[in-house]
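Hi,

Here is the structure I promised to pass on.

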Amino acid sequence: MYFLVLQVLVVASAAAFLALFSRRRRSSKLEELHDAVHVSSVHGIYPAHVSVWCALPDFAWHPEVMVCVFTNALVQFICWIVLGFLLPFAAAQAAAVTDDLGLANDVSSKGTLLGYATELSTVAVFAGSVVSAWLSVSSLHCGFTLASMCACLLIVVGFVTGSLPSRLPNPHGEAGVLLVLAAATARFVDGLVTPLLYRRAAVPFPVEQRQDVTQYQGSVSIAFTALSTWVLVGTIALMNR
């Protein structure tokens with residue numbers, strides 16, 4: 001119930017922000033129309049190139065904004081939704097090969113490994129955020145960012161399917177460490193690149209418009225992750241029917 005209420009609030013907040021943008025957009029366009037229309041004694045015609053019903057702001061179609069919004073949405077989706085779903089299953093598989101005492105079914109063993117992965121990855125988010133404060137936007141590479149996130153995701157998926165631990169040279173000593181490092185790396189990258197993505201998207205615009213660009217990017221990312229969560233939940237529910 002808590003999860004349902006939280007998701008509804010998130011989607012409603014993002015929708016309200018986009019609706020506000022749409023309203024401001026219409027008001028701006030109507031002012032432009034009022035200035036552009038030339039009243040004729042025969043007829044008056046609105047300029048055909050002006051779209052009053054466009055809900056998105058002008059800067060939403062800027063190439064830099066589109067790339068940053070797309071990258072940010074995927075990073076948040078992979079880091080906090082997909083990995084959040086898969087980590088408990090990956091920890092269970094890793095615990096089965098790291099427990100030298102043969103306690104593969106011991107819940108505390110699985111819970112301990114999951115706890116390490118969760119806690120260290122949370123610390124990694126803050127560490128990445130601190131490091132990003134010392135970097136310029138020119139150091140951000142969206143392609144490398146997505147590649148690193150996908151690499152971490154593949155490692156976790158390898159644990160979930162059970163195919164990765166058997167290929168490690170020393171699975172008893174390396175499986176748990178590799179899983180924790182994958183989770184921590186993914187969330188370190190998230191903490192590192194998210195502030196840079198917001199800063200980079202706002203660079204091409206004047207100072208007075210940068211706050212709107214930042215809010216727009218955040219709203220799109222939140223709406224995308226919230227809707228993607230429901231898609232995953234619905235898919236899992238249908239598969240278990």
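Below is what I found, going from the overall fold to single residues.

A bit of housekeeping first: this is a predicted model, so local features need pLDDT of at least 70 and side-chain atom pairs count only at pLDDT 80 or more, while totals for chains, interfaces and linings use all residues. Residues are numbered from 1 along each chain as its sequence is written, and side-chain values use heavy atoms, with hydrogens and water left out.

The big picture: the protein chain has 6 helices and 0 strands, counting DSSP runs numbered from the N terminus (H or I of at least four residues for helices, E of at least two for strands). Of its 241 residues, 36% are buried, where buried means under 20% relative accessible area, exposed over 50% and partly exposed in between, with a 1.4 Å probe and protein chains only. Among contacts (heavy atoms within 4.5 Å) with a separation of 6 or more, 79% are between residues 24 or more positions apart. The accessible surface is about 14,000 Å², and carbon and sulfur atoms hold 69% of that; areas come from the Shrake-Rupley method with a 1.4 Å probe, and for residues only the protein chains shown count as cover.

Now the core. A nonpolar core here is a set of buried Ala, Val, Leu, Ile, Met, Phe, Trp, Tyr and Cys residues joined through side-chain atoms within 4.5 Å. The largest one has 43 residues, and M149, V156, L179 and V193 touch the most other members. Helices α2, α3 (107-132), α4, α5 and α6 each put in at least two residues, with α2 giving the most at 15 residues. Leaving out residues up to four places away in sequence, V193 touches V75, L140 and T145.

Two of those names, M149 and V156, are also on the list of buried residues in α4, along with T145 and others. Helix α4 (residues 142-161) has 20 residues and spans 28 Å from first C-alpha to last, close to the 28 Å expected (1.5 Å times one less than its number of residues). Just after α4, G162 has a positive phi of about 80°.

On to the rings. There are 3 aromatic pairs, meaning Phe, Tyr or Trp rings (the six-membered one for Trp) with centres within 6.5 Å; planes under 30 degrees apart are stacked, over 60 edge-to-face and the rest tilted. F59 and F205 pair edge-to-face, 5.9 Å centre to centre with 70° between the planes. F59 also pairs edge-to-face with Y216, at 5.7 Å and 75°. F59 and F205 are buried, as is Y216, and ring pairs link F59, F205 and Y216 into a cluster.

What about charges? I get 1 salt bridge, taking a side-chain nitrogen of Lys or Arg within 4 Å of a carboxyl oxygen of Asp or Glu. R200 bridges to E64, with the closest N and O atoms 2.3 Å apart. R200 lies in helix α5 (residues 171-202) and E64 in helix α2 (residues 63-98), so the bridge ties together parts 136 residues apart in sequence. E64 is partly exposed, at 24% relative accessible area.

Last one: Q217, in helix α6 (residues 207-239), is buried at 1% relative accessible area. Beyond its neighbours within four places in sequence, Q217 contacts C68, V69, N72, L197, Y198 and A201.

Cheers
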